[in-house]
Amino acid sequence: MGKLPIGNHIRKLRFNHDEMTQQQLAEKAGVTRQTIVALEQGKYSPSLELAFRIALVFASPLEEVFFIENKEEFI
Amino acid sequence: MSYQEKKNIVSLTGTLLIFGLYCLYVFRKYSLDGLDSTDTLSFWGAFILILIPVSIVAKIVITIVFNIVYRITTKEAEPAFSDERDKLIELKSTKNSHYAFTLGFLLAMGSLVLEMPHSAMFIILISAGLLSEMVGVFTQLFLYRRGV
């Protein structure tokens, strides 16, 4: 089974939250800034725990932060 | 280029430099010619036992110097901890590193079966150690760049 391509709206959500910096988000989510960079570039799919932590920072449901790219291909 | 990529490149350069200089020093000082079987085993035993602390101390020094230079040049502190992505990449690189060393170990044992000199076995074993470290570093560089 191939890897599920997971996209995210982190950059947009950061912008909508008073232009939160990557460093600020990293500190709130408990990861390094490099991991936020990798997430935004689509180079890393986070663990479920980290995904929830990021969603909690933005006070948004998980599906509003992360989504499956080309969902129709996997249904 | 991220902190982790720079750190890996410095680590690789440091490893090759330390190993190269150590080999140069040892093989200039001692010649393997004329050593009987017992002396050969003792020589290689000492070679490995001295190489381990020398490389550990040198790596600590290199890491400290690198962090100082990184802070000065980028005006950014190095990450204070390893998060889940760092740990995942480290695990994958350790796995590849172990595969490389296991291959070298089997080759070293093969040299004994083929009744090659003891020195050949130690050279293969030490080379496998160096190669496994390089495989580990290259895996990390690849995963940090391509993503995981």
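Two residues are said to be in contact when heavy atoms of theirs lie within 4.5 Å. The structure is a predicted model, in which local features need pLDDT of at least 70 and side-chain atom pairs count only at pLDDT 80 or more, whereas totals for chains, interfaces and linings use all residues. Residues are numbered from 1 along each chain as its sequence is written, chains are lettered from A and ligands numbered from 1 in the order in which they are written, and side-chain values use heavy atoms, with hydrogens and water left out.

In chain B, among contacts between residues at least 6 apart in sequence, 75% join residues at least 24 apart. Chain B holds four helices and zero strands, where helices (H or I, at least four residues) and strands (E, at least two) are DSSP runs numbered from the N terminus. Of its 148 residues, 34% count as buried, that is, under 20% relative accessible area with a 1.4 Å probe and protein chains only.

A nonpolar core is a set of buried Ala, Val, Leu, Ile, Met, Phe, Trp, Tyr and Cys residues joined through side-chain atoms within 4.5 Å. The largest such core has 22 residues, of which A:Ile10, A:Leu39, A:Leu50, A:Ile54, A:Phe58 and A:Val65 touch the most other members. At least two residues of this core are supplied by each of helices H1 (10-16), H2 (22-29), H3 (33-40) and H4 (48-57) of chain A and by helix H4 (118-146) of chain B, and H4(A) gives the largest share, four residues. A second, separate core of 14 residues includes B:Phe43, B:Trp44, B:Leu51 and B:Phe122.

Technical notes. Buried means under 20% relative accessible area, exposed over 50%, partly exposed in between (1.4 Å probe, protein chains only).
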